[in-house]
Amino acid sequence: MKHIIEKAKEYKRKVAGSYISITQDDIGSKITGDKVFVSVKIDGEFNLLHFDGKQSFLVNGGGAIKDTLPFLDSVTKLLKSNNINSLTVAAELHIKEDDSRCRVFEVMSAIAKKQDLLVLSVFDILDIDGENYTADDYEEIITKIDDLFASNKKVNSVILDVVNSKEVEEIYNRRVLEKGSEGLVIRIDGMPIIYKLKPIHALDAAVIGFTEGEKNKVRELLLGLLDEDNHYIQIGRVGTGLNEELKSELFETLSKNLIDSSYIEADKRRVAFAMVKPTLVVEVAINELLTENSKGIIKNQLLSYGEENGYSFIASVNGTSLLHPVFKRLRDDKEINSHDIRYKQVTDLVYIDNSSQSNSKELPKSEIIFREVYTKTSKNKTNVQKFIVWKTNKENIDDRYPAYVMNYTNFSPTRGEPINRDVRVSSSKEQILELLQVFKDKNVKKGWELVE
């Protein structure tokens, strides 16, 4: 069982890292040839279906096993009758689509309540009877899948069109733009590349920070969205699409809104973002939102914001990465509120499971009881250490909250991982302050200067 779980995790990582995202504008330049394999991208849950000779079960990319779904018994009987000793195939678990697009959150609901609605669309074969399966082209793989599950109504291959490159745009228009499918998966005969062809999406987000490129010009903008609790979720950054005039204008505007903050984020150059009051809303076009990559589930930073103390780190939550973000325009018609820059813009497009995340609605505000910032310059680079302790004022209302929290941030632009964070909690003020002192004694050495 363990080796199948690892195989599922590894395959998921491999698949997540191998797709290349393109848009409709790329069809003419990227898609060529007389034999192109096109299938609809299904918004379902990835699983390996494994038959070990005795039973069939599913393992998703996180290693969770499902062995009680109604169609699995029929799969076992079918494979036994065809003298298959073992089988592993890759598939999407989803709800059968008619004219409406299936959403992955509907799959999660069906697993819990309406399992008879679930179907499995198989798109790859890993092994049969203990032997790795290989084929000359993708059409052969789909034909083999059809043969394996020919009489099973709940398990089928993905629907495949074999066309020439000039026909791809018509399929995209019909299946994605007209019928609302998530996108297309495209393979070209004789090429190892797999394309994901999806529509462009737009997000309206708050600017919560910026870095400087050329003197007095913005290089990148740090973006945040508001959740239902009015916490900011840092979703990424954007620099592409900013012209030189706008870079200067944004620098002048944002420089007037600089705010001190216990939260630090760095760009790819390991330069810290200057955090700003959230006053500007921008529209960003994205090619795709990724929830997983080759390293696993993507995390975003959940932040609280206040005029006095700026942004403070709350937690790392399951999130998303913006693929190929491009700045489109300032949204002067939008305001900083939980509707105009709502996080639901993301969750309407992709499923993110943060069901265990605490809901802090109508709970008392936290109170900062200690804050110190130290800096040290080395090789013309500024290193920063921040210590902050707060009383949550929520411990008697919601037992998911500790009474006291200490957050330590260490920023070093010359280090491989420039930002290190550590969070400690306690029910005792005395104990949390003792922990604070231990951190200070360990980290604040000669050369560090108290600046705040």
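Student: Why is K247 called buried?

Tutor: K247 has a relative accessible area of 18%, and buried means under 20% relative accessible area, exposed over 50% and partly exposed in between, with a 1.4 Å probe and protein chains only, so K247 counts as buried. This is a predicted model, in which local features need pLDDT of at least 70 and side-chain atom pairs count only at pLDDT 80 or more, while totals for chains, interfaces and linings use all residues. Residues are numbered from 1 along each chain as its sequence is written, and side-chain values use heavy atoms, with hydrogens and water left out.

Student: What makes E244 and K247 a salt bridge?

Tutor: Their closest N and O atoms are 3.4 Å apart, and a salt bridge is a side-chain nitrogen of Lys or Arg within 4 Å of a carboxyl oxygen of Asp or Glu, so the pair qualifies as a salt bridge. The two residues lie three apart in helix α7 (residues 244-255), which means that about one helical turn separates them; helices (H or I, at least four residues) and strands (E, at least two) are DSSP runs, numbered from the N terminus.

Student: Why is E244 called partly exposed?

Tutor: The relative accessibility of E244 is 37%, which falls between the two limits for buried and exposed, so E244 counts as partly exposed.

Student: How do you know that D137 and K35 form a salt bridge, and which parts of the chain does the pair link?

Tutor: The N to O distance between their side chains is 2.9 Å, which lies within the 4 Å limit. The pair links distant parts of the chain, 102 residues apart, with D137 in the loop between β8 (131-132) and α5 (138-148) and K35 in the loop between α2 (27-30) and β2 (36-41). D137, at 18% relative accessibility, counts as buried, whereas K35, at 27%, counts as partly exposed.

Student: What can be said of K198 and E182, buried or exposed?

Tutor: K198 has a relative accessible area of 7% and E182 a relative accessibility of 10%, so K198 is buried and E182 counts as buried. Their side chains meet in a salt bridge at 3.0 Å, N to O.

Student: What makes β28 and β29 the edges of their sheet?

Tutor: Five strands form an open antiparallel sheet in the order β28-β27-β26-β25-β29, where two strands pair if DSSP finds at least two bridges between them. β28 (419-426) and β29 (449-450) each have a single partner strand, so one side of each is left without a neighbour in the sheet. Two bridges join β25 (residues 367-378) to β29, which meets the requirement of at least two.
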